[in-house]
Amino acid sequence: MAQHTGITGAETPWSGANAQADLISLVGHVLSQGSGASRPVNLTAGGIYSKDVGGGLYVLKHWDGTNEKALPPYDRTLMRPDAAGTANALTLATKQDLSAVPVGVPFWFIPSLNNTGAATVAIDGLTAIDLKTVTGDALPADYLRADVPTMAWYDGSDVICDRQTEYVTNANGEVWRFANNLQIILASATGVDINDALGNGYWCGGTTAAMPATFVGDSAAAGDVRTTATGWVNGRLTNGSAQFAFGAHSWLSRTGDTVKLWAIGSWY
């Protein structure tokens with residue numbers, strides 16, 4: 001809108017060519033504001049309107065007379081773009097008409113598939129960018145989980161993906177997986193008989209228990225005889241193995257004990 005610089009002649013307020021031009025421009029600008037699925041036909045250059053992009057989301061659009069561009073959230077609030085593409089080549093549509101991916105702006109997306117290995121993402125049709133873990137590694141399989149929200153941000157080189165703590169149970173026990181590569185597993189062995197004489201006490205003779213997951217790197221493991229204060233456990237979990245080899249010991253001969261086994265290590 002042209003700026004009216006003031007009355008310089010014998011004109012009454014809102015009279016004269018300059019003031020009338022300003023008034024017409026102001027009215028036209030106000031009338032051009034609106035909302036809907038498409039740009040109002042009377043939107044003049046420099047006008048802004050609220051576009052309904054579906055899903056209950058409205059985006060402010062600026063019309064320069066030739067093109068319309070989305071106005072990014074001034075407070076850089078979280079965005080939740082729509083995810084599509086394939087398991088390892090995702091696409092995201094922010095409905096912000098981005099011409100470049102902003103650095104450091106966090107957003108959520110919900111993949112429809114688990115990834116099966118290293119993955120990329122193309123945002124608003126821009127060049128695909130590598131997805132990385134919070135430790136800077138290429139994504140391992142199942143780092144992205146179908147229908148589970150993933151928080152991400154662009155660091156200027158890669159899109160870094162955080163992940164919510166994953167909790168899994170199966171017939172062999174419980175598993176917790178974290179974004180930073182840490183995995184914790186817990187299992188139980190029941191009906192353990194600690195009644196074979198050994199030195200001044202007794203042990204179970206050595207046995208194994210199936211664990212609910214495996215590790216890809218070094219791990220540390222331990223155990224505990226839960227049903228007596230006179231018992232203890234030693235053993236180890238070999239990398240890549242789901243079998244915990246252990247021995248349960250006690251100062252007293254016992255039968256039918258429950259042994260808890262746990263381990264921590266890397267899952268990718």
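1. The model is predicted, so local features need pLDDT of at least 70, side-chain atom pairs count only at pLDDT 80 or more, and totals for chains, interfaces and linings use all residues. Residues are numbered from 1 along each chain as its sequence is written, and side-chain values use heavy atoms, with hydrogens and water left out.

2. Rings of Phe, Tyr and Trp (its six-membered ring) pair if their centres lie within 6.5 Å; planes under 30 degrees apart count as stacked, over 60 as edge-to-face and the rest as tilted. By this rule there are seven aromatic pairs. One of them is the tilted pair of Phe-107 and Phe-109, at 6.5 Å centre to centre and 35 degrees between the planes. Phe-107 and Phe-109 are buried (under 20% relative accessible area, 1.4 Å probe, protein chains only).

3. Trp-267 and Tyr-268 form an edge-to-face pair, 4.8 Å centre to centre with 85 degrees between the planes. Both residues are buried. Ring pairs join Tyr-143 to Trp-267 and Tyr-268 in a cluster.

4. The charged end of Arg-163 sits over the ring of Tyr-143, 5.2 Å from its centre (for Arg, CZ within 6 Å of the ring centre and within 35 degrees of the ring normal). The charged end of Arg-177 sits over the ring of Trp-267, 5.9 Å from its centre.

5. Strands pair if DSSP finds at least two bridges between them.

6. β18 pairs with β21 (residues 254-266) in the antiparallel sense over seven bridges. Val-225 has Val-259 in β21 as its bridge partner.

Key:
Buried < 20%, exposed > 50% of the residue type's maximum accessible area, 1.4 Å probe, protein only. Helix = DSSP H or I, 4+ residues; strand = E, 2+ residues; numbered from the N terminus.
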